[in-house]
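Reader: I'm new to reading protein models. Could you walk me through one?

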Amino acid sequence: MEQTESAPNPTAPVLKGIAAGPGGAVAPVARMAAPPSLPEREPEVTDTVEEQSAAREALFSVAADLEGRAAELDGEAAAVLNAQALMARDPELRRQVEEDVQNGSAAAWAVRDACGRYQDLLLAAGGYLAERAADLGDIRDRAVAVLLGLPMPGLPDPGHPHVLVAEDLAPADTVRLDTSQVLAIVTRLGGPTSHTVILARSLGLPAVVGCAGADTLTDGTTVAVDGDAGTVEVDPAPGTAERVRRRAEHRRAVLSAASGPGRTSDGVAVSLLLNAGEGDPDEAAAHDSEGIGLLRTEFLFLDRAEPPTIAEQTEVYTRLFRAFTGRTVTVRTLDAGSDKPLAFAETGPEDNPALGVRGFRTARVHPTLLSDQLTAIAAAAREPDHQARVRVMAPMVSTPAEAEEFAALARTAGLGTTAEIGVMVEVPAAALLADRLLNHVDFVSIGTNDLAQYTMAADRTLGALPDLLDPWQPALLSLIDKVGDAGRRADRSVGVCGEAAADPLLALVLVGLGVTSLSTAPPALSAVRFALAHHSKAECRGLAELALAADSPERSREIVRRAAHPEVTDL
Ligand SMILES: C=C(OP(=O)(O)O)C(=O)O
Ligand SMILES: [Mg+2]
């Protein structure tokens, strides 16, 4: 509809990146302030003790600043800042800085070098750790600014609404974004699972990451950001700007009117659930959802030396079940290993950690971590003062035997009568034998983030292969079809809780493939609800067949876009 009203400006360069937060915006660019640079000449250190103390104080003041800001926030945002503060307080980092000073470096130089060495280690470790290298770079820049008396690097404040352009965004920046001023985010770096993406989605901001041309964008240049297509049009034609603006307004108005449980236009129920982690359970419960489809319990385990006790875990789960009384809460057991390493769950050196001891496999090496967690979930599920529909599921299950083993462990812990027991389908082996997995469990939930990486043999934390990780890949859809089919035949529920569920058009395809629940970050729910309400179950199946038959994700998306209801494609 509106897309035909204005032709794109043929001379306007269009930069490509990874679509990382849906929606669009047109506004002038404001670039993130450059990090402080050290003077060419390093001063001579005369008092080593004083210099060490200055370096220490700078790191502490950075940590205190992060903690202070975390205290004003809650949920995922606060957790991200507190984790970063912990890095600034890391005793080993401090020791290395002091050693560098002892060897003659001035404080700011010692901070730069020690952080640099740490960053190299994180980058070499890959996965989740590599993504934290940006957090450490931010700590370095802040501490150096403190030591040199320079302005703190950080967000621009041009005094008008803008598109924020940066090399990459540290969590400390992303959580401070004023969404009345920042209309969209564009970064040169960042992969599909980076903090920037997760936080941009939780703020509901359009975002394009991994945009190679972002460094050519200068302050004040007008850009049109399309967070669905992953494009940034520079100096767009007046028509384009108008179109994106009207589309954003239309989207806001339409979506704020959509509420209630998920239904296709002919009344077939599709549960709309939330992906949740750390945060206030009452706040999570305030979203218009039918419950939680994925509780990532790693937040209870990360950044600590010892695992949480059974009592500690029970308290957290109980609070959540109470807040969601009458609704579903799906607790995923600990997904440790690979991109989520834990100090107390060492699994030995691995050349390919994503193919190693992770997810449910961790229980082979550390069985008590899982049994304690199941005991805590069972204790919380038994609490009499909640009516939540409790579900428990294991990540990274690959075989029917593993599904059977997990179900037995859950029953032994006492969950047989108080919860539904399921497993995640995240590796092709599990998708191929989904019917046999379903002989042992009540439900399955497809983790499309991991299923994409294992289907396409492309590391999900790598920004370099976004096309292969595109959830519209027909091979991925074909595996989901297989799982949907198995669920239909066994009359069991099949959920999707990966990022794929957050794309309204793809959600229609997933429902057509037999998916019965969709779990996403809260801001994505209303668009998915709206899309469902405009299509019958049979229409969803028609779209699924079109998507499956395409040869590429681009074709798949385009064909479905053309065949879907215009009210939805114009959103
Ligand atoms: C939901 C998923 O799990 P996570 O992103 O936590 O690995 C997934 O892999 O799609
Ligand atoms: Mg996963």
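Reader: Which helix gives the most to the shell around ligand 1?

Author: Before that, some ground rules. This is a predicted model, where local features need pLDDT of at least 70, side-chain atom pairs count only at pLDDT 80 or more, and totals for chains, interfaces and linings use all residues. Residues are numbered from 1 along each chain as its sequence is written, while chains are lettered from A and ligands numbered from 1 in the order in which they are written. Helices (H or I, at least four residues) and strands (E, at least two) are DSSP runs, numbered from the N terminus. Now your answer: helix 17 gives the most, with three residues.

Reader: Which residues are around ligand 1?

Author: A residue is near a molecule if its C-beta atom, placed from the backbone, lies within 6 Å of it. Around ligand 1 you'll find Leu294, Arg296, Asp335, Glu426, Gly447, Thr448, Asn449, Asp450, Cys497 and Gly498. Strand 10 (291–296) and helix 17 (448–456) are the elements giving two or more residues to that shell. By class, the shell has two nonpolar, four polar and four charged residues. Here Ala, Val, Leu, Ile, Met, Phe, Trp, Tyr, Cys and Pro count as nonpolar, Asp, Glu, Lys and Arg as charged, and the others, Gly among them, as polar.

Reader: How do I read two packed helices?

Author: You describe them by the angle between their axes and the distance between the axes. Axes are lines fitted to C-alpha atoms, for helices over the stretch in contact, and angles run from 0 to 180 degrees between N-to-C directions. Take helix 4 (residues 107–125) and helix 6 (residues 133–148): their axes come within 9 Å and cross at roughly 180°. The two are therefore roughly antiparallel. As for the words, under 35 degrees is roughly parallel, over 145 roughly antiparallel, 65 to 115 roughly perpendicular and the rest oblique. Their contact residues divide into 14 nonpolar, two polar and two charged.

Reader: At what angle do helix 1 and helix 6 cross?

Author: Roughly 125°, and the axes of helix 1 (residues 48–71) and helix 6 come within 9 Å. That makes helix 1 oblique to helix 6. Ala54, Ala58, Leu59, Ser61 and Val62 of helix 1 meet Ile139, Arg142, Ala143, Val146 and Leu147 of helix 6; being in contact means C-beta atoms, placed from the backbone, within 7 Å. The classes there are eight nonpolar, one polar and one charged.

Reader: How do helix 11 and helix 13 pack?

Author: Helix 11 (residues 310–323) and helix 13 (residues 367–382) pack at about 40°, with axes 8 Å apart. They are therefore oblique to each other.

Reader: Which domains is the protein chain divided into?

Author: Domain bounds come from an automatic or database domain assignment. Here you get domain 1 (2–33 + 154–254), domain 2 (48–148) and domain 3 (258–569). The C-alpha centres of domain 1 and domain 3 lie 29 Å apart.

Key. Two residues are in contact if their C-beta atoms, placed from the backbone, lie within 7 Å.
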